[in-house]
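This report walks through a two-part question: how the chains are built, and how they meet. Please keep the model open while reading.

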Amino acid sequence: MTAPAATAHAVPATSGGAAVAPPEHGGPVLSLTDVRKTYAQGQLEVQALRGVTLEVARGDYVAIMGPSGSGKSTLMHILGCLDVPTSGTYRLNGSDVGGLDEAELAQIRNREIGFVFQQFNLLATMSACRNVELPLVYAGVPRAERRRLAIEALERVGLADRIEHRPNEMSGGQQQRVSVARALVTDPALLLADEPTGNLDSVSTNDVLGLFDELHEQGRTVVVITHEIEVGHRAARMAHIRDGLLTEEALS
Amino acid sequence: MMTWAETLRTAWEAIRTRRMRSALTMLGILIGIAAVMLTVGLGQGASEKVTEQISALGSNLLVVSPGSSTAGGVRGGRGTATTLTVTDATALANPAVAPDIANVAPVSTSQQSVLAGSQSWTTSIVGTTPAWEQVRARTTADGRFFSQAEADSGAQEAVIGSTTASQLFGNRSPIGDAMTINGQDFTVIGVLNTVGSGTTGDEDDQVVIPFQAYALRVATTANTNQTSTIYVAAKSQDTLSAAYQETNQTLLTTHAVTADTADFTISSQQALMTTVTSTTRILTILLGGVAGISLLVGGIGVMNIMLVSVTERIREIGLRKALGATPGTVLRQFLVEASVLGLLGGVLGLALGIVGALILPSALGQPVLISPVAAAAALLVSLAIGITAGVYPAGRAARLAPIDALRSE
């Protein structure tokens with residue numbers, strides 16, 4: 001895929017300090033301005049995003065919907081700082097993410113974003129608690145403190161009795177709760193869920209969506225990327241993406 | 001940033017999770033390290049043993065043999081030449097002529113069968129003077145050595161090696177018993193101390209008799225003045241080169257030859273030691289090299305398994321990166337994993353090497369030396385192999401883009 005180095009020179013190296021954003025920031029959690037992403041596919045240039053502008057305020061709950069091939073995944077990667085835009089600006093929690101190198105992006109992901117994946121992406125050899133601890137490991141949090149925070153996060157998602165269970169000893173819904181706990185444990189500015197219910201039955205889907213509702217009520221900023229309409233309708237705001245362009249739909 | 005302790009812990013868990021594979025990978029390093037340690041240890045043990053044997057013979061010993069080893073090679077080494085005589089030995093023993101020489105012993109040797117009762121045994125018969133005892137740094141374990149007076153009177157007495165004694169007389173003391181050499185009766189008056197095999201053959205299997213008796217009764221040649229070797233002992237190791245000069249000068253004079261036409265060769269134990277040691281060293285390097293190749297193969301095994309491991313764990317790497325692992329952290333993670341594999345293999349290889357060094361000597365009859373330096377070097381080498389083998393796979397893991405890695409099935 002594209003190398004982030006292409007835009008690395010756009011921001012002077014001295015602005016590396018911008019990677020460390022203040023934990024409380026008055027403005028929107030994320031704001032995208034005319035974000036474009038172009039991939040070179042052989043000779044062909046594919047425009048995955050053709051000028052996306054989006055603002056998500058603190059405490060908002062936004063669903064981004066779209067069919068496959070709509071640029072949904074590309075937008076998710078950019079929102080998650082797993083990729084950088086070709087042009088346009090992306091400010092996350094007040095700081096410009098464009099032009100950061102891989103190591104700086106890794107730190108941003110670690111501090112500002114909590115990921116929830118469709119495939120859960122839990123490490124099979126580790127207990128629920130140690131899976132939840134993982135982002136804290138990369139943040140350099142000491143072991144005892146890590147465990148305390150992980151248990152707290154597991155309690156918050158209702159898995160106080162599953163702390164030492166391994167992923168294969170849990171149901172899909174429980175596994176997704178573990179990954180939500182992992183996303184919350186660093187207290188990130190943004191909870192970013194990519195098709196969080198794609199691998200779940202209806203009971204577990206309701207379970208996880210209920211959890212998102214709770215988190216929203218508690219003031220968390222949540223962005224869910226999905227193609228399921230019932231998931232989209234649970235959000236406070238719904239935006240559709242099609243052919244690399246975003247249109248917002250007012251919810252009643 | 002992830003701490004080193006945490007990196008190590010994660011590496012250890014990755015190794016432990018794939019127990020069988022990790023064990024087989026380590027086996028490669030283990031065998032390599034143990035093989036290198038044992039071959040080098042064996043070489044060191046052998047050269048140590050040779051050095052010990054030679055210094056037991058007396059490091060201040062000079063050996064004069066007939067013939068010459070002129071560099072041109074034209075008149076080189078006539079081993080059968082009989083140019084040395086008892087007269088030469090007597091001349092060298094004169095302190096006025098050679099003040100730095102302590103003892104001189106002319107020696108004539110032949111292989112003959114010895115009879116004691118119904119027992120027969122073929123061994124080397126050594127005809128020499130009483131000075132032989134001092135020159136060869138030997139003592140008698142039982143009985144005594146013959147005296148100068150006895151030797152001069154042509155007494156038919158014999159001092160025998162411990163192996164010879166047990167072959168001919170069994171476990172009983174042979175002192176005072178009779179034995180027959182070349183049809184001549186000899187009385188056993190002493191048994192030599194046991195020293196084991198040396199550079200000149202089995203030092204415990206020989207019959208030492210007075211030179212006179214040897215020349216007149218046992219020797220197969222008619223010339224009673226002739227001797228095959230003259231042993232010269234310097235007063236100390238410091239006067240060895242002076243003793244060498246005196247021996248050389250005296251023999252040139254008595255033989256009426258020049259240095260160019262010399263009909264004898266003087267060799268010191270030191271020179272012999274150098275030759276033997278360098279031979280051993282070459283052998284050690286050769287065998288060590290072969291063992292080293294097995295170590296290299298072990299290293300390639302580590303690299304191979306790390307590459308498999310990276311490919312297999314692409315999703316895990318992607319997840320770790322998404323959760324905040326920097327490329328540097330991932331690189332360190334896999335480097336540490338490879339290093340732990342290497343070092344662990346090294347530690348186990350060292351353990352096997354030490355066990356081998358304890359067991360092998362009794363099986364091979366050769367000492368195996370494992371020095372602390374060699375042990376430390378083995379650990380360092382195994383660690384270095386681990387790191388080297390890890391660089392490429394770790395680099396690949398670090399460069400993986402998180403989105404590609406997460407997407408892979």
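## Basis

This is a predicted model, in which local features need pLDDT of at least 70, side-chain atom pairs count only at pLDDT 80 or more, and totals for chains, interfaces and linings use all residues. Residues are numbered from 1 along each chain as its sequence is written, while chains are lettered from A and ligands numbered from 1 in the order in which they are written.

## Chain A

Chain A holds seven helices and 10 strands. Helices (H or I, at least four residues) and strands (E, at least two) are DSSP runs, numbered from the N terminus. Of the 252 residues in chain A, 48% are buried. Buried means that 20 or more other C-beta atoms, placed from the backbone, lie within 10 Å of a residue's own.

Contacts join residues whose C-beta atoms, placed from the backbone, lie within 7 Å. Among contacts in chain A with a separation of 6 or more, 71% link residues 24 or more positions apart.

## A helix pair in chain A

H3(A) (residues 128-139) and H5(A) (residues 172-184) have axes that come within 7 Å and cross at roughly 35°. Axes are lines fitted to C-alpha atoms over the stretch in contact, with angles from 0 to 180 degrees between N-to-C directions. The crossing is right-handed, meaning that the near helix is turned clockwise from the far one by less than a right angle.

On H3(A), Ala128(A), Asn131(A), Val132(A), Leu134(A) and Pro135(A) take part; they meet Val178(A), Ala181(A) and Arg182(A) of H5(A). This contact comprises six nonpolar residues, one polar and one charged. Nonpolar covers Ala, Val, Leu, Ile, Met, Phe, Trp, Tyr, Cys and Pro; charged covers Asp, Glu, Lys and Arg; the others, Gly among them, are polar.

## Chain B and the interface

Chain B splits into domain 1 (4-53 + 277-407) and domain 2 (82-262). Their C-alpha centres are 55 Å apart. The bounds come from an automatic or database domain assignment.

At the interface, 21 residues of chain B contact 20 of chain A. H1 (4-17), H10 (314-322), H11 (327-364) and H13 (402-407) of chain B each give two or more residues to that side. H10(B) supplies the largest share, four residues.

## Cores

The largest nonpolar core has 125 residues, and Ala181(A) and Val223(A) have the most contacts inside it. Such a core is a set of buried Ala, Val, Leu, Ile, Met, Phe, Trp, Tyr and Cys residues joined through C-beta atoms within 7 Å. H2(B) (residues 19-58) gives the most to this core, 12 residues.

Key: Two residues are in contact if their C-beta atoms, placed from the backbone, lie within 7 Å. A residue is buried if 20 or more other C-beta atoms lie within 10 Å of its own, exposed if 12 or fewer, and partly exposed in between; C-beta atoms are placed from the backbone.
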